[in-house]
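Please read the sequence and the model together before going through this report. The headings below take the topics one at a time.

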Amino acid sequence: MHTSCRYDAGKVELDGAVYAGFSLPFNMTQLLWIEAVLVGGAEVYRNSQLDPETRLYPGGAFDPLNFASPEQDPEKVFKLKTAEIKHGRLAMVAFLGFATQAFYNDGAGAFASAIRFTDAL
C-alpha cells in the first residue's frame with residue numbers, strides 16, 4: 001500500500017494485513033487487549049514493590065543488563081536515571097513537534113514542509 005503522508009500509514013486496518021510475507025493473525029481489538037495486558041502487567045509488577053527506590057526505573061527486572069544495579073557506583077546510577085528522564089522528556093517534545101507540524105501544514109510531510117519553508121525565505 002502506498003501512502004502519501006507519513007501519518008497516513010497508521011490508518012491501515014489490520015484485518016487481513018500481511019507483514020514480511022506472513023498474514024497477521026490479530027485484529028486491532030485483539031492487539032489493544034494484548035498491549036493492555038502486557039503493559040498493565042508490567043506496571044502492576046513494578047507498583048507491587050513497597051520500597052520507593054526499588055519500584056523506580058531503572059532497576060530490577062527492568063534493568064536486565066544491570067547497568068543501574070545497587071552494586072554500581074551511585075553517581076553513575078543517578079546519571080543514568082537523570083538521562084532516562086531527560087530522553088523521555090525530549091521524546092515527548094519531539095512528538096509534539098510532529099503533531100503540530102501535521103496539524104498546521106495540511107498534511108504535508110517533513111520534506112514538503114521544509115521545501116515550502118525555504119521557498120518562503
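Which residues make a nonpolar surface patch of about 420 Å²? The patch is made by Phe 26, Leu 31, Ile 34, Leu 38 and Val 39, where a patch consists of residues with over 30% relative accessible area and no salt bridge, joined within 5 Å for nonpolar side chains (Val, Leu, Ile, Met, Phe, Trp, Tyr) and within 9 Å for like charges. A salt bridge here is a side-chain nitrogen of Lys or Arg within 4 Å of a carboxyl oxygen of Asp or Glu, and accessible areas come from the Shrake-Rupley method with a 1.4 Å probe, with only the protein chains shown counting as cover for residues.

One of these residues, Ile 34, lies in helix H1 (residues 28–47), and Ile 34 counts as partly exposed because its relative accessibility is 36%; buried means under 20% relative accessible area, exposed over 50%, and partly exposed in between, with a 1.4 Å probe and protein chains only.

## How the model is described

This is a predicted model, in which local features need pLDDT of at least 70 and side-chain atom pairs count only at pLDDT 80 or more, while totals for chains, interfaces and linings use all residues. Residues are numbered from 1 along each chain as its sequence is written, and side-chain values use heavy atoms, with hydrogens and water left out.

The protein chain averages a pLDDT of 77, and 75% of the residues score at least 70, pLDDT being the predictor's confidence in each residue, from 0 to 100. Confidence is lowest in helix H2 (residues 52–55), with a mean of 68, and highest in H3, at 87.

## The order of the elements

The protein chain holds 4 helices and 2 strands, which run β-β-α-α-α-α from the N terminus on; helices (H or I, at least four residues) and strands (E, at least two) are DSSP runs, numbered from the N terminus.

## Helix H3 and the whole chain

Helix H3 (residues 74–104) has 31 residues and reaches 45 Å from its first C-alpha to its last, close to the 45 Å expected at 1.5 Å a residue, a span calculated as 1.5 Å times one less than the number of residues. Gln 101 has its place in helix H3 and is buried, with a relative accessible area of 18%.

Across the protein chain, buried residues make up 12% of the 121 residues.
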